[in-house]
Amino acid sequence: MKTEKLEFDVIVVGAGMAGSTAAAIAAREGLKVAVIERGQKPGAKNYFGGALYTHALVDIYPDFFDRQPPLERPVTETGFWFLSNDGVVKATVQGGLVDNDPVDAFVALRSEFDLWWSEQAAAEGAFIIPKTLVTDFLFEDGRVNGVKTDRPQGDLYAPVVIICEGVNNLLTQKLGLIDHDVKINATALAVKQLISLPAKDINARLGLPDSNHGMAISVMGDVSMGLSGLGFLYTANSALSLGVGVTLDALQESGLKPYELLQRYLEHPVIAPLIKDGQMMEYGAHLIPEGGWTTMPRLYTDGVLVAGDAASMVNALHWEGTNMAITAGKQAGLAAVEAHKKGDFSAKTLSVYQDRLSELFVLKDLKQYRKMSAFLKNHPNFMDIYPTFLNDALGMFFTGFGKPKGDLYKKIFRSLTSRRPLLKAVGDLVALGRAVIGI
Amino acid sequence: MIHLLVSVKQVPDTTNIRIDPETGSMIRKGVPAILNPYDAHAVASAAEWKRKLGGKITVITMGPPAAEEALQECIEMGADRGILISDRAFAGSDTLATSYVLAEAIRKIHEEDPIDMIFFGKQAIDGDTAQVGPGAAIRLGMPLITYAVDIQEINKEEGFALIERKTESGREIIKTTLPAVLTTEKSIAEIPYAALPDLIYSLKYKPENWSAEEPLMYDINQIGLNGSPTMVAKSGSPEAHEPAETISVEEEGIAGVVENTLNKMLSNISVASLWEELK
Amino acid sequence: MDKNKQVQKREVPKVFVDDMLMSLKYFTDEQEPHLAIIDPEVCIACKDQPCIDFCPVGAYRAQDGRTVQIAVQSCVECGTCRVLCPYLNISWKNPRGGFGVAYKFG
Amino acid sequence: MTRRFWVFIEQNKGQMHPVASELLGVANCLVSEIADELEKTGEEAVVEGILVGHQVEDLAQEAIQFGAERVYTVDDPAFEHYLNRPYTDALIYLIEKYKPEVFLIGATTLGRDLAGAVATSVKTGLTADCTKLEMGPFRKIEKKLLLATRPAFGGNVIATIVCKDHLPQMATVRPRVFESPPRDLKAKGKVIQEDFKVTPEMLAANLVEFITDENAGVNLEYATVIVSGGKGLGNPDGFKLIKELADELGGVVGSSRAAVDGGWIDYAHQVGQTGKHVRPKLYIAAGISGAIQHKVGMQDSDYILAINSDPKAPIFEVATLGVVGDLYEVIPEMIQQLRARKGAQV
């Protein structure tokens, strides 16, 4: 048994998007970095819809695409599908501003990508320790100077610890950086199925010219049966990723079983034909922090920084989480480097981390959207009335042949007001605008 | 001080297999490769005896470069030296060729650093043939004890060991001279939760790489396809039967369903004859 | 032509969750399960036992009607039970390092 | 030249293991499948038993009555209890002397242990745990070969394996995979005593003590009624209910691998690819999802009743009759109604 102390310049907890990024940045500047990952391998515990955003990836590795990253299809068509009980209105955009080189977003599968992303950090010199769970912190005269793990002789020491433990931020809570557990009104449970289908069937059924084209769709309406939540559809190379997320308190009130809500979505008349004869490759579930600003812990204290889902850095409306984690991971890494240059790891020095993030989209957007999760909670009709109205309105509009249009518009108008009085509907719209602008 | 050797194998995790309906062959993508569970327990047993008597453990594996991960896991559990025997010339080896490759490697290690006990997991969960251990033992001319469930004693000075093995009819205590070859059941030892320094050591450990020529020149007629008398003539997925007649408790209520079930069951000729004897 | 047929709401299909779990890879920790019910009496007294429905892998099952048991080996560590249990009666930890679910795709 | 089809006659304390008679039946089928070749070449084929043990003469007769034309016996006190090295060397001696074409061994712990050592020594191919054996053509090879079919990758793939250019073609077969042929008490056959001396260096490993195992009594492989429980029981004490139903039907308790891995019941009860292969008249599977590894071990049962709350459980694919419901309701009711039916008759 070796017994000398395990000392590093930086310890990162979690080898996900934020963790491996922070480690790569710190190691690149010559620091001795250890990343402690609880999964069998980095990526084993990570799960998402979902798409990665090119701007964040190339910001960390300018030669990102030369490194042959394991990505699925580029996102060449994206937008909203408004599902009614038995129909859909598709509002998607392709070409034009979406048609960039490289494309702005790529669909990915986290097990493979996160492992690769951690290997890039290892190449920078970071030392990844898998299969090890961080259970507590080590203190020296009141200041964090390392972590305890669940392995015998499991203590590791470093003047800076960057917590990237994900949405279940038990360590962040233990350190008192936040005074509550995950909020049930500001957190969603998402369940997903990855269904394998021959690429040519995916292309034919979704109208994609070839396998070098892909889709990232936010699905609203019938998918969440009126509960506050969102569905999604992503195209992997030869598989479709279909899932639905519902806020925890809404899920509990509904008494629904998540896998049955998902099955109902998969059996929707518009969705079912897309996955016909597909074979389920994997089912999974994961929490998504949607509280953003309102559930964000203190981002730093003496010797400690918090980044990624652990810091509620997710903007649910725009499906932005991984890019926020990568950007925050980078800034945390840089803050650790600066602290080492100064040889001072106090909260004051580390506060540069939050200052930087405040100037970037990460804290700006989260602040702007701080009312969004409350808005969605109090305006469930955006999840069922308006999508259904949209379907009826356009459905009537495009089958109103040979009928006086005056009556047609009256019927369309009545199909709104019969569901939601006009004044209230206008009020909803204004409320949406305010939640989006953040006033 | 004893020298223990464990022969391990990296296998696809057969509990998670997906078969390609057209080709009938296994879909490799997304199937995690793991250290063969029986071998993991064999290493754990060797680690226990290393702690008791002092000494070292060598682990060897024959497989593709990725099998290095399996060796790392053994180092984590307490092994000291890992040897990966990998070469394209070995591709297609059946159990006869495999036992030749492993036995010759063990012989070479034994010559340089005498081994007291050699462990094989009872079988590999992908092939389940349980032939490689016995094959290697006979090639090395060493006594073989299969299905070992417990090692009661290893006495290097007097050159014997007491091994408990399990058979259908009961349990045997075997006394064997050393060195001996064991194939082990899972109950031989529990897998330890490694100390952090051991895990870190294993992450940095680079196994030695042996090929078909270096440091041992293998006889090409005994390895790979030409060293393998058996070959797969054809393979496919098992034919599916159409689902049987089912009756649901929800539809007919518990008493009705059971009544109906027993009537159907007892009207079957072979079951009926049983029922007559029973009454 | 007006499509005025009464469109009845599509209800929720019945799904047997074990069919879902067949696709998942777990490293089961036989020695130290990471979930436990703090006080079983609380579950027996719990009126609607919501955990049986909200758990995405159906790990919570009521044996003979009242006592709740956890099929810990099916857990995917999402954390929902920790915060949704009406009486916060679940002792919730992450599994030991290397154990628990290991997503193959994610 | 005589084409010899050999079967290893496994015995333990003077009792012939039934798998030997099953394989004698198989060997005779294989011979009948090459009748066309024998006619063409004028060669002769013969099924022979290989019997190793101490004072086992009357077993030789039993082997003949199950279809062996000739039996070679190697009799020596050292063979009284099975040890790998002496048995292996005896078989090598006989193989090199008589050059058999096919050699079948029962896949018991003894057989698997012995077959691996023998095949390696004589440098031939060995296919383990075969579920089907036949003689058939393979590519351009002139004589028909032994086509040995077995499950691989945990039963997810069924592979047919051949052993070309090496003799004997060896295969091991699990007990109860094949039926024993009828025993012909009037059958006649020659018994040839082989003198093979056991040398001391063959006894480097020898038996010190033998403990009969209470679980060893669970003769799952030859039970006529088996009631099996799996993870669907929810916990170990579910097996009490399984035992109650088994007793009611005069049967034995079986289990799935998942229940054994969970430490709920001893490995001796495990049915399936890595457990026992069974062929009872009645097999009741309660709370067993029916993974392929389990089905491979019990799908030959005459009547399979599956009880599972999941209508889509794979076990229903092999069941003769499926009951969709909660086993904790169905089984107690079954026990009650069975007792009622018994009570009414007696």
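What follows is a chat about a predicted model, its chains, domains, sheets and helices.

Me: Which two chains share the most contacts?
Reply: Chains B and D do, out of the five pairs of chains in contact. Their contact takes 74 residues from chain B and 79 residues from chain D.

Me: Which parts of chain B supply that side?
Reply: Several helices and strands of chain B give at least two residues each to the side that touches chain D. Among them are α3 (95-112), α4 (132-140), β7 (144-155) and α7 (254-267) of chain B. The largest share comes from α7(B), with nine residues.

Me: And how does that side divide into nonpolar, polar and charged?
Reply: The side of chain B that touches chain D has 36 nonpolar, 25 polar and 13 charged residues.

Me: Which strands of B and D pair in the antiparallel sense over seven bridges?
Reply: They are β9(B) and β13 (residues 205-212) of chain D. Within that pairing, B:Gly170 has D:Thr212 in β13(D) as its bridge partner.

Me: What holds paired strands together in general?
Reply: Strands of a sheet pair through backbone hydrogen bonds, and the pairing is either parallel or antiparallel.

Me: Which open sheet has strands from both B and D?
Reply: One with four strands, in the order β12(B)-β10(D)-β9(D)-β8(D). The pairing in this sheet is antiparallel.

Me: Why is one side of each edge strand left without a neighbour there?
Reply: The edge strands are β12 of chain B and β8 (132-136) of chain D, and each has a single partner strand, so one side of each has no neighbour in the sheet. The twist from one strand to the next averages 30°.

Me: How many bridges join β8(D) and β9(D)?
Reply: Five, and β8(D) runs antiparallel to β9 (residues 145-152) of chain D. One of the positions to look at is D:Lys132, whose bridge partner in β9(D) is D:Thr149.

Me: Staying with D, what domains is it divided into?
Reply: Chain D has domain 1 (2-203) and domain 2 (215-345). Taken over C-alpha atoms, the centres of these two domains of chain D are 33 Å apart.

Me: Switching to chain A. Where does it stand relative to D?
Reply: Chain A and chain D do not touch. The nearest C-alpha atoms of the two chains are 14 Å apart.

Me: What about A and C, how many residues are in their contact?
Reply: Chain A puts in 47 residues and chain C puts in 34 residues. On chain A, the elements giving two or more residues are α3 (110-123), β13 (187-196), α6 (248-254), α7 (258-266) and β17 (279-289). The largest share is from β17(A), at eight residues. The side of chain A that touches chain C divides into 21 nonpolar, 13 polar and 13 charged residues.

Me: What domains does A have?
Reply: Chain A has domain 1 (6-72 + 109-181 + 292-359), domain 2 (187-289) and domain 3 (373-437). The C-alpha centres of domain 1 and domain 3 of chain A lie 43 Å apart.

Me: What order do the strands take in A's open sheet of four?
Reply: The order is β1-β11-β10-β9 in chain A, with mixed pairing. The edge strands are β1 (6-7) and β9 (134-140) of chain A, which pair on one side only. Six bridges link β9(A) to β10 (residues 143-149) of chain A in the antiparallel sense. There, A:Glu140 stands opposite A:Arg143 in β10(A).

Me: Now helices. How do α1(A) and α8(A) cross?
Reply: The axes of α1 (residues 17-28) and α8 (residues 322-342) of chain A come within 7 Å and cross at roughly 35°. The crossing of α1(A) and α8(A) is right-handed.

Me: Which residues meet there?
Reply: From α1(A) they include A:Ala18, A:Ala22 and A:Ile25, and from α8(A) they include A:Ala325, A:Gly329 and A:Leu334. The contact of α1(A) with α8(A) has 12 nonpolar, five polar and one charged residue.

Me: Last one, what span does α15(A) reach?
Reply: Helix α15 (residues 422-437) of chain A has 16 residues and reaches 23 Å from its first C-alpha to its last, close to the expected 22 Å. Just after α15(A), A:Gly438 has a positive phi of about 85°.

Key
Residues numbered from 1 in each chain as written. Chains lettered and ligands numbered in written order. Predicted model: local features only at pLDDT ≥ 70, side-chain atom pairs only at ≥ 80, totals over all residues. Pairing = 2+ DSSP bridges. Contact = placed C-beta atoms within 7 Å. Nonpolar A, V, L, I, M, F, W, Y, C, P; charged D, E, K, R; others polar. Domains from an automatic or database assignment. Axes fitted to C-alpha atoms, helices over the stretch in contact; angles between N-to-C directions. Left-handed = near helix turned anticlockwise from the far one by under 90°. Expected span 1.5 Å × (residues − 1).
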